[in-house]
Each structure stands twice: as C-alpha cells, then as structure tokens.
Amino acid sequence: MEAPLIRSIDAMQILRRSGKLGPVLAYAEVSVVWWLVGDGAEEQLADLPMLIVRPPRWPLPCPPANEYIHSRIWLEKPDESGRLTDPIDLGAAFSHGRRLAGGIYG
C-alpha cells in the first residue's frame, strides 16, 4: 500500500504505540512510503483516497533491511516473522478517529 511520507510517519507513531506496526519502506526522493499490509487492504482502505493499494504481485524494489539504497530505506524493518500491518489498523491510524482492533485508539 502506498502513502504520503509525512502522513505515514504520523500513522507509524500510532501503530507503534499499539504494537501493530509492520514493515514500512520509504522512498525519500519522492516522499512516498510503502506499507506491507495483510489481505483485504483494498476493501478496508477504499475510503481513504490518499492511500493507493497496489496489486499483490506489484514489483517493489527493496533494499536489504539494514541498507539505504537509491533513496529507499526501511522506516520499520521487516523481520523473519512475516508480520504485516493490518489494513483495518492502518486505516484507523490514517483516519485518527477510528478504533484500532484490540481497543487501542489513534
């Protein structure tokens, strides 16, 4: 899922506090961020026009977790657990008014 950099940083703060933050890749040169999200993102995020859900096999060139390459850097590094950001929680964090799953508020 693709989003603006500044709004993503705000959303990351909310999700980090709730323990629900998955990997986030930034492309600093164009102020874009990609969130690695779970299934159902297109439906769950349809009402947030600043977010673009890419198709499952959309190519996303990523640097290794500990490197900064061609203006791309991991703001939240992937780990080997396979964790992703839940699209419902992500939508709530971008909306700042919805309830996050598990009772945490943004």
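Keep in mind along the way that the model is predicted.

Let us begin with the sheet. Strands of a sheet pair through backbone hydrogen bonds, in either a parallel or an antiparallel manner. Here the sheet is open, its four strands follow the order E1-E3-E2-E4, and the pairing is antiparallel. Strand E1 (2-4) and strand E4 (72-76) stand at the edges with a single partner strand each, so one side of each has no neighbour in the sheet. From one strand to the next, the twist averages 30°.

Now look at the pair formed by strand E2 (residues 24-27) and strand E3 (residues 32-35): they run antiparallel and are joined by four bridges. Within this pair, valine 24 stands opposite tryptophan 35 in E3. Helix H1 (residues 5-18) packs on the sheet and touches E1, E2, E3 and E4. The direction of H1 makes about 40° with that of E3.

You will find threonine 85 in the loop between E4 and helix H3 (87-95). Its relative accessibility is 0%, and because buried means under 20%, threonine 85 counts as buried. Which residues surround it? Setting aside neighbours within four places in sequence, threonine 85 is in contact with Leu15, Lys20, Leu21, Gly22, Trp35, Leu36, Val37, Gly38 and Leu90. One of these contacts, glycine 22, is 63 residues apart from threonine 85 along the chain, yet their C-alpha atoms are separated by 4.4 Å.

Ile6, Ile9, Tyr68, Ile73 and Leu75 make a nonpolar surface patch of about 440 Å². At least two residues of this patch come from H1, and at least two from E4.

Finally, a look at the backbone. Most residues other than glycine have a negative phi. Serine 31, in the loop between E2 and E3, has a positive phi near 55°. At 39% relative accessibility, serine 31 counts as partly exposed. Histidine 70, too, has a positive phi, about 50°, although it is not a glycine. This histidine 70 sits in the loop between helix H2 (41-44) and E4. Is histidine 70 buried or exposed? At 68% relative accessibility, histidine 70 counts as exposed.

Key. Residues numbered from 1 in each chain as written. Predicted model: local features only at pLDDT ≥ 70, side-chain atom pairs only at ≥ 80, totals over all residues. Heavy atoms only, no water. Pairing = 2+ DSSP bridges. Axes fitted to C-alpha atoms, helices over the stretch in contact; angles between N-to-C directions. Contact = heavy atoms within 4.5 Å. Buried < 20%, exposed > 50% of the residue type's maximum accessible area, 1.4 Å probe, protein only. Patch = residues over 30% accessible without salt bridge, like charges linked within 9 Å, V, L, I, M, F, W, Y side chains within 5 Å. Areas by Shrake-Rupley, 256 points an atom, 1.4 Å probe, with all protein chains shown as cover. Salt bridge = Lys/Arg side-chain N within 4 Å of Asp/Glu carboxyl O.
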